[in-house]
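Here's a quick briefing to read alongside the structure. Have a look at it first, then work through the points below.

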Amino acid sequence: MLREDDIVLVISNAPDLLLAKRIAHVLVEDGLAACVNLGAPILSIYRWQGQIEGADEIPMWIKTTAGQQHAVVQALAKLHPYEVPEIIVVPVIGGSAPYLDWVREQANGTPME
């Protein structure tokens, strides 16, 4: 069972860089995430409604706490245009203590002033 201050990584994709940047800014500005990394475009191949589909997407790696993960998932679902966006939460089992402490400090749910 995760504690509220345990670190988690939320993985998602956006259909384009502009939307990925918007999502990243909202999550960080609202204090829901400490950091969002946006990757280079990738090609996702998947089955959707009985058809094989392919789409270029921007990967997003969102660093936050277990206590903020539900708010992050809700924000992603609200901001994302897909009917079923990829949103996966992965527990972080270790890392640099100063970095993990920084994530906890930043992802405290307090919006930037």
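Before we pair anything up, one term: two strands count as paired if DSSP finds at least two bridges between them. Keep in mind too that this is a predicted model.

**Strand 1 and its partners**

- Strand 1 covers residues 7-14 and is mostly covered, with 6 of its 8 residues buried.
- One partner is strand 4 (residues 51-65), which pairs with strand 1 in the antiparallel sense over 8 bridges.
- Within that pairing, look for Val10, which sits opposite Ile62 of strand 4.
- Strand 5 (residues 87-91) is also joined to strand 1, this time by 5 bridges, and these two run antiparallel.

**A residue on helix 2**

- Helix 2 spans residues 69-79, and Gln74 is part of it.
- Gln74 has a relative accessibility of 59%, so it counts as exposed.
- Follow the chain 13 residues from Gln74 and you get to Ile87, and the C-alpha atoms of the two are separated by 9.9 Å.

**Salt bridges**

- The model has 4 salt bridges in total.
- Which residues are linked in a network of salt bridges? They are Arg3, Asp5, Asp6, Asp101 and Arg104.
- Asp6 pairs up with Arg3, and their closest N and O atoms are 3.2 Å apart.
- Arg104 meets Asp5 in another salt bridge, at 3.9 Å from N to O.
- That pair links distant parts of the chain, with Arg104 in helix 3 (residues 97-106) and Asp5 in the segment before strand 1, 99 residues apart.
- Arg104 also forms a salt bridge with Asp101, where the closest N and O atoms are 3.0 Å apart.
- Arg104 and Asp101 are 3 residues apart in helix 3, so about one helical turn separates them.
- As for accessibility, Arg104 is partly exposed at 26%, Asp5 is partly exposed at 35%, and Asp101 is partly exposed at 39%.

Conventions: Residues are numbered from 1 along each chain as its sequence is written. This is a predicted model: local features need pLDDT of at least 70, side-chain atom pairs count only at pLDDT 80 or more; totals for chains, interfaces and linings use all residues. Side-chain values use heavy atoms; hydrogens and water are left out. Buried means under 20% relative accessible area, exposed over 50%, partly exposed in between (1.4 Å probe, protein chains only). Helices (H or I, at least four residues) and strands (E, at least two) are DSSP runs, numbered from the N terminus. A salt bridge is a side-chain nitrogen of Lys or Arg within 4 Å of a carboxyl oxygen of Asp or Glu.
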